[in-house]
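Let us walk through this structure one region at a time. Keep the sequence and the coordinates open side by side.

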Amino acid sequence: MSSHLHLNLLASRPPVPGGLQSGSKMRMGPGRKRDFSPLSWSQYFETMEDTLYSLTTLHTFRIYSSGQHGPVLLLLHGGGHSALSWAVFTEVIYNRINCRVVAMDLRAHGDTKVKNSDDLSAETMAKDIGKVVEALYGENPPPIMMIGHSMGGAIAVHTAAANHVPSLLGLCVIDVVEGTAMDALNSMQNFLRSRPKTFKSVENAIEWSVKSGQIRNVESARVSMGGQVKKCEEPLNSPGVSKSIGEVIIEEEEEEEEEGESNHKRKKEDDQEVKKESLYTWQIDLSKTEKYWEGWFSGLSALFLSCPVPKLLLLAGVDRLDKDLTIGQMQGKFQMQVLPQCGHAVHEDAPEKVTFHCMVYYTGCNIRHT
């Protein structure tokens with residue numbers, strides 16, 4: 001079980017039966033072709049801004065937001081992802097409840113720029129959250145409900161436990177528990193090495209994310225993957241650059257085509273075009289963050305249970321509960337919902353379902369607060 005759970009940090013569970021496994025033939029079927037073109041953040045959020053929280057160190061955090069009134073839903077993404085992973089979820093929930101939605105790129109992720117970007121300790125990242133909240137709202141912030149996925153869920157717990165957000169209304173953690181996360185650390189580097197190192201375009205990155213099962217919702221992948229990859233200037237044929245996923249997809253599709261010569265000509269033209277463009281690689285090299293992994297997850301269950309605010313745990317499978325959380329759940333210390341048809345990126349795979357559970361939870365938190 002633990003071998004299927006990665007950090008994403010935590011990455012996705014295997015695709016559902018019948019789905020395409022990573023490395024298998026990627027068949028679309030005759031006459032069927034899905035659209036993997038990128039979607040803009042502006043289709044899901046009202047504003048995008050860079051928030052400066054320190055005039056001396058020049059830390060700027062990329063913020064995407066919607067709404068001007070009501071309590072704040074502060075959204076924290078998983079490792080390697082960005083605030084854009086919350087795009088579809090934001091559009092759904094913002095249209096259903098009176099709230100403000102704020103999704104931020106954590107340090108070393110997305111378009112956030114900090115001086116010491118190599119410091120991804122839980123303590124530093126939790127302090128970031130508090131400082132960004134202060135920069136946004138001053139000394140009297142509105143009621144805030146933190147929702148964090150995977151690594152972001154762990155950081156949300158550390159932030160809440162350290163009381164960096166004094167106006168905290170509630171805490172929602174999505175698909176991360178201490179026991180399973182700690183068990184997965186030994187296989188994490190192997191998982192990261194198994195991913196493509198480069199893509200020939202953002203479209204290819206989106207296609208890979210969907211066909212490998214990392215994100216099962218095509219719409220979410222189309223807006224989310226742009227925050228996970230960046231251009232790299234290294235030429236395609238330079239030493240050390242592996243074959244891009246785009247080339248692999250092209251080759252696999254051509255094996256099944258019957259129009260041999262015309263397809264060969266088209267591939268040759270495509271290859272020539274690719275060499276004129278920059279390749280894309282991962283925005284952050286997660287393999288270099290290994291020294292912080294244990295600090296994110298060790299003791300997480302006890303910290304989560306100790307947080308004095310109402311708590312909700314959303315999981316992709318009940319098998320992810322560890323002993324402390326099982327006991328805590330039986331004692332009614334937090335609410336829990338299991339969404340078994342989702343991969344690890346629960347909020348991307350099933351934004352409607354996550355919105356429903358968050359709305360029920362949010363309503364309860366508001367009643368308690370008022």
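Start with a side-chain pair. Thr 47 and Ser 65 make a polar contact through their side chains, at 2.5 Å. A polar contact here is a pair of N or O atoms within 3.5 Å; within protein, one must be able to donate a hydrogen and the other to accept it, and residues adjacent in sequence count only if both atoms are side-chain atoms.

A word on the source. This is a predicted model, where local features need pLDDT of at least 70, side-chain atom pairs count only at pLDDT 80 or more, and totals for chains, interfaces and linings use all residues. Residues are numbered from 1 along each chain as its sequence is written, and side-chain values use heavy atoms, with hydrogens and water left out.

Back to Thr 47. It sits in strand E1, residues 47-54. Strands (E, at least two residues) and helices (H or I, at least four) are DSSP runs, numbered from the N terminus. Thr 47 is partly exposed, at 33% relative accessibility. Buried means under 20% relative accessible area, exposed over 50%, and partly exposed in between, with a 1.4 Å probe and protein chains only. Leaving aside neighbours within four places in sequence, Thr 47 is in contact with Trp 41, Ile 63, Tyr 64 and Ser 65. Contact means heavy atoms within 4.5 Å. The C-alpha atoms of Thr 47 and Ser 66 are separated by 6.5 Å, and these residues lie 19 apart along the chain.

Next, the annotated site. Which residues does UniProt list for "active site"? The unreviewed entry gives Ser 150, Asp 175 and His 344. UniProt positions follow the numbering used here, feature names are shortened, and annotations may be inferred rather than shown by experiment. The three span 195 residues in sequence, yet no two of their C-alpha atoms are more than 8.3 Å apart, so they gather at one spot.

Take them in turn. Ser 150 is in the loop between strand E5 (144-149) and helix H3 (151-161). It is buried, with a relative accessible area of 0%. Its phi is near 55°, a positive value in a residue other than glycine. His 344 is in the loop between strand E11 (335-338) and helix H12 (346-349). His 344 is buried too, at 0% relative accessibility. Its side chain makes a polar contact with the side chain of Asp 175, at 2.6 Å.

Asn 163 also has a positive phi, near 55°. It lies in the loop between H3 and strand E6 (168-174). Asn 163 is exposed, at 52% relative accessible area.

Now the interior. A nonpolar core is a set of buried Ala, Val, Leu, Ile, Met, Phe, Trp, Tyr and Cys residues joined through side-chain atoms within 4.5 Å. The largest has 86 residues, of which Met 146, Leu 171, Trp 296 and Leu 313 touch the most other members. A second, separate core of 14 residues includes Phe 36, Ile 206, Met 225 and Val 229.

Last, the cysteines. The structure holds zero disulfides, a disulfide being a pair of cysteine sulfur atoms within 2.5 Å. The sulfur of Cys 172 has its closest cysteine sulfur in Cys 358, 4.2 Å away, too far for a bond. Cys 172 is buried, at 0% relative accessibility. Cys 307 is buried as well, with a relative accessible area of 3%.
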